[in-house]
Protein chains: 2
Amino acid sequence: MDCLDQIKWDDKGLVPVIAQERDSGDVVMFAWMNREALAQTIARGEAVYWSRSRNRLWHKGEESGHVQKVHELRLDCDNDVLLLRITQQGHEPGIACHTGRHSCFYQRLDEGRWMAVEPVLKDPATMYSK
Amino acid sequence: MDCLDQIKWDDKGLVPVIAQERDSGDVVMFAWMNREALAQTIARGEAVYWSRSRNRLWHKGEESGHVQKVHELRLDCDNDVLLLRITQQGHEPGIACHTGRHSCFYQRLDEGRWMAVEPVLKDPATMYSK
């Protein structure tokens, strides 16, 4: 696909990806995609990332059921970062984080310390039982 | 600072940073920080990034005047990605992109093509004349 050729993949063949909830505007996750992950994301309409730790494609929600429906894809001015506008499915409110929280960005800097400021919505031990 | 030690810097001593406008919720930019950039960001209350292309610290807005006032810093679950909640200063509406647009994420995937869907708010030729 032409739209994949336009992207400047890094020296590992990856680009950073920001996932933002469409309705709330919340930034819920950051991950990476390679060419195949982006192609699958476009084809499925659901986020498929490249897991650097597991070294394989990762259909977000494949175990937890917390699939990300993709409404819109955006590319930045340098053609090397993607922004997804998504709906986080499988739980209300959405759970994007493997800790069971709404967003991965739940630690806020308060007076020089990173403090967890968002509640755990679901016990992670029950999230990956599928 | 302890809060810097908690961060998992990558093999180049960097972390990815997402800049989100506090009031609009718009994701306007993506960049990188090293330890010194983050320390300066915290001390100044304004975004200071590490420019990989120029290989130096980059106080965002130093030439354009489009400084990012930082209201809040967030860290993700893996301690390796930062999210800044900012106000984009120097123009109304804010201009974060070097192309003179509000956001760097102005290209939207439409039927297999990346289309520029946000207007240029200011001629870039006049942005860097300071």
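1. In this predicted model, A:Phe30 has a relative accessibility of 12% and therefore counts as buried, the limit being under 20%. A:Trp32 is likewise classed as buried, at a relative accessible area of 10%.

2. The rings of A:Phe30 and A:Trp32 pair in an edge-to-face arrangement, with 5.7 Å from centre to centre and 85 degrees between the planes. The structure holds 5 aromatic pairs over all chains. Ring pairs also join A:Phe30 and A:Trp32 with B:Phe30 and B:Trp32 in a cluster.

3. In chain B, the ring centres of B:Tyr49 and B:Trp58 lie 5.5 Å apart with the planes at 45 degrees, so this pair is tilted. Both B:Tyr49 and B:Trp58 are buried.

4. Arginine side chains also meet aromatic rings. The charged end of A:Arg101 is placed over the ring of A:Tyr106, at 3.8 Å from the ring centre. In chain B, the charged end of B:Arg101 sits over the ring of B:Tyr106, with 3.8 Å to the centre.

5. Regarding the interface, 37 residues of chain A are in contact with 37 residues of chain B. The two chains bury about 3200 Å² between them, and 64% of this area is on carbon and sulfur atoms.

6. Polar links between the chains comprise 2 salt bridges and 18 residue pairs in polar contact, both residues being at pLDDT 80 or more. One of the salt bridges joins the side chains of B:Glu118 and A:Arg74, at 3.3 Å from N to O.

7. On the side of chain B that touches chain A, the elements giving two or more residues include β1 (15-21), β2 (27-33) and β5 (68-75) of chain B. The largest contribution comes from β5(B), with 4 residues.

How values were computed. Residues numbered from 1 in each chain as written. Chains lettered and ligands numbered in written order. Predicted model: local features only at pLDDT ≥ 70, side-chain atom pairs only at ≥ 80, totals over all residues. Heavy atoms only, no water. Phe/Tyr/Trp six-rings, centres within 6.5 Å; stacked < 30°, edge-to-face > 60°. Buried < 20%, exposed > 50% of the residue type's maximum accessible area, 1.4 Å probe, protein only. Lys NZ or Arg CZ within 6 Å of the ring centre and 35° of its normal. Contact = heavy atoms within 4.5 Å. Buried area = accessible area lost by both parts, 1.4 Å probe. Salt bridge = Lys/Arg side-chain N within 4 Å of Asp/Glu carboxyl O. Polar contact = N/O pair within 3.5 Å; in protein donor to acceptor, adjacent residues only side chain to side chain.
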